[in-house]
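Student: I'd like to learn how to read helices and their packing. Could you walk me through some cases?

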Amino acid sequence: MKLRTFKGLTIPLLSVAAGFLVGAIVMLLFGYNPLQNYANLFNGSFGDIYSIGETLRNMISLILTALGFAVASKAGFFNIGGPGQYLFGWFGGIVFALLFPHLPTFFLISGSLLMGAIFGGVWSMIAGVLRAYFGTSEVITTIMLNYISLYFVNYAVKAWLAKKGSDSSPNIVAKANLNTPFLKSITNNSTFNWGFFIALVVVIIVWLYFNKTRSGFEIRAVGLNEAASRYAGINVKKTIITAMLISGLLAGLGGAIDGLGNFQNISVSNNLPSVGFNGMAVALLAAENPIGIVFAALLFSALQIGGLSISVYSNTPSEIVDIVIAAIIFFVGIKYIFELILAKRRKKNSLSMKGVKSR
């Protein structure tokens with residue numbers, strides 16, 4: 001158990017260090033100062049209360065989309081539909097807030113978040129049903145559903161929500177906003193909102209679900225061996241659909257929180273939201289551990305928010321941060337190299353200890 005914990009912590013840390021090293025080498029090759037740029041990055045993400053608020057706010061959707069990917073991955077599926085599920089959740093949350101603006105604050109916010117989660121969950125469940133009953137690859141169906149959601153939401157915003165000549169919906173009422181005056185006052189008018197605390201509560205719930213419930217155990221069992229799970233009496237079809245439903249619920253909740261706490265409306269988009277793909281990277285870096293996802297999301301959020309400051313304080317393009325993120329993901333993807341290096345080192349140390357004892 002200690003060895004597994006050590007490996008679980010060491011490999012992500014090595015991947016992050018290697019990613020920063022690659023970024024530094026690239027900067028040096030193009031004549032930029034990596035130490036100064038990394039200092040600017042840190043300052044841009046944690047340098048003052050406003051920057052901290054922005055970094056924590058940016059974590060929210062990363063945490064929730066990463067949790068969604070992790071749930072599907074635990075069941076043995078590669079759910080690439082996070083962007084579409086996030087977008088559908090964003091759409092659902094805004095629609096509810098616009099339709100029922102006279103509800104009391106608690107019911108308005110709760111209903112909007114619930115509607116966003118349901119929209120994302122139902123959208124993801126389509127891929128689960130197709131996989132469970134027809135054996136359709138969830139990779140293909142979720143990619144297709146991503147683009148269907150993009151074009152459907154664009155049409156719905158333009159045709160049903162936006163005023164004539166506009167590409168965005170009206171803003172939600174102030175009482176539906178998760179970014180309250182109190183939070184603005186303590187974070188120097190940042191976009192930090194109550195969704196951050198909701199995300200932390202969801203992290204705990206997901207951890208308990210995986211480790212303390214029968215349904216969570218069944219999802220993990222199906223992910224380890226579908227045939228053995230079926231032989232043991234687990235309803236595999238139901239478990240597949242449940243895993244994809246929960247995965248979409250989490251991503252949809254992330255979209256709804258961003259809609260209420262950050263944007264306050266929804267606009268026509270040219271591209272799928274990148275947060276869904278970034279959430280996958282966060283989950284992979286954290287080895288799909290709910291607690292680890294919080295720290296991985298903090299790292300990615302700091303890179304994204306702090307990266308904006310690099311081009312402000314120097315002539316280094318902010319895209320250099322994308323290289324660092326890509327390098328981290330690359331090294332996470334080839335983690336078996338780190339495992340091989342660590343295994344050889346442990347073997348060498350073991351032989352050395354035996355040699356000392358034999359003397």
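This is a predicted model: local features need pLDDT of at least 70, side-chain atom pairs count only at pLDDT 80 or more; totals for chains, interfaces and linings use all residues.

Student: What span should helix H14 have, and what does it have?

Tutor: Helices here (H or I, at least four residues) are DSSP runs, numbered from the N terminus. The expected span is 1.5 Å times one less than the number of residues. For H14, residues 320-333, the 14 residues should span 20 Å, and the end C-alpha atoms are 20 Å apart, which agrees. H2, residues 34-46, agrees too: its 13 residues should span 18 Å, and its end C-alpha atoms are 18 Å apart.

Student: Which residues of H2 are buried?

Tutor: Cut-offs before names: buried means under 20% relative accessible area, exposed over 50%, and partly exposed in between (1.4 Å probe, protein chains only). In H2 the buried ones are Pro 34, Asn 37, Tyr 38, Asn 40, Leu 41, Gly 44 and Ser 45. Looking down the axis of H2, those buried residues fall within an arc of 155 degrees, so they line one face of the helix. The arc is that of the directions from the helix axis to the C-beta atoms. Leu 35 and Phe 42 are exposed on the other side of H2.

Student: Why do residues three or four places apart point the same way?

Tutor: An α-helix has 3.6 residues a turn, so residues at that spacing point the same way. Back to H14: its buried residues are Ile 320, Val 321, Val 324, Ile 325, Ala 327, Ile 328, Phe 331 and Val 332. They fall within an arc of 160 degrees seen down the axis, so they line one face of H14.

Student: At what angle do H13 and H14 pack?

Tutor: Axes are lines fitted to C-alpha atoms, for helices over the stretch in contact, and angles run from 0 to 180 degrees between N-to-C directions. H13, residues 290-313, packs with H14 at about 160 degrees, with the axes 9 Å apart. That makes H13 roughly antiparallel to H14 (under 35 degrees counts as roughly parallel, over 145 as roughly antiparallel, 65 to 115 as roughly perpendicular and the rest as oblique). Among the contacts (heavy atoms within 4.5 Å), the H13 side includes Leu 299 and Phe 300, and the H14 side includes Ile 320 and Val 321.

Student: And how do the axes of H3 and H13 cross?

Tutor: They come within 8 Å and cross at roughly 135 degrees. That makes H3 oblique to H13. The contact includes Asn 58 and Leu 62 of H3, along with Ser 301, Gln 304 and Ile 305 of H13.

Student: Is Asn 58 buried or exposed?

Tutor: Asn 58 is buried, at 13% relative accessibility. Leaving aside neighbours within four places in sequence, Asn 58 is in contact with Ser 301, Gln 304 and Ile 305. Asn 278, in H12 (residues 275-285), is buried at 18%. With the neighbours within four places left aside again, Asn 278 is in contact with Leu 62 and Gln 304.

Student: What about Leu 308: buried or exposed?

Tutor: Leu 308, found in H13, is exposed, with a relative accessible area of 54%. Its C-alpha atom is 9.0 Å from that of Ser 45, 263 residues apart along the chain.

Key:
Residues are numbered from 1 along each chain as its sequence is written. Side-chain values use heavy atoms; hydrogens and water are left out. Helices (H or I, at least four residues) and strands (E, at least two) are DSSP runs, numbered from the N terminus.
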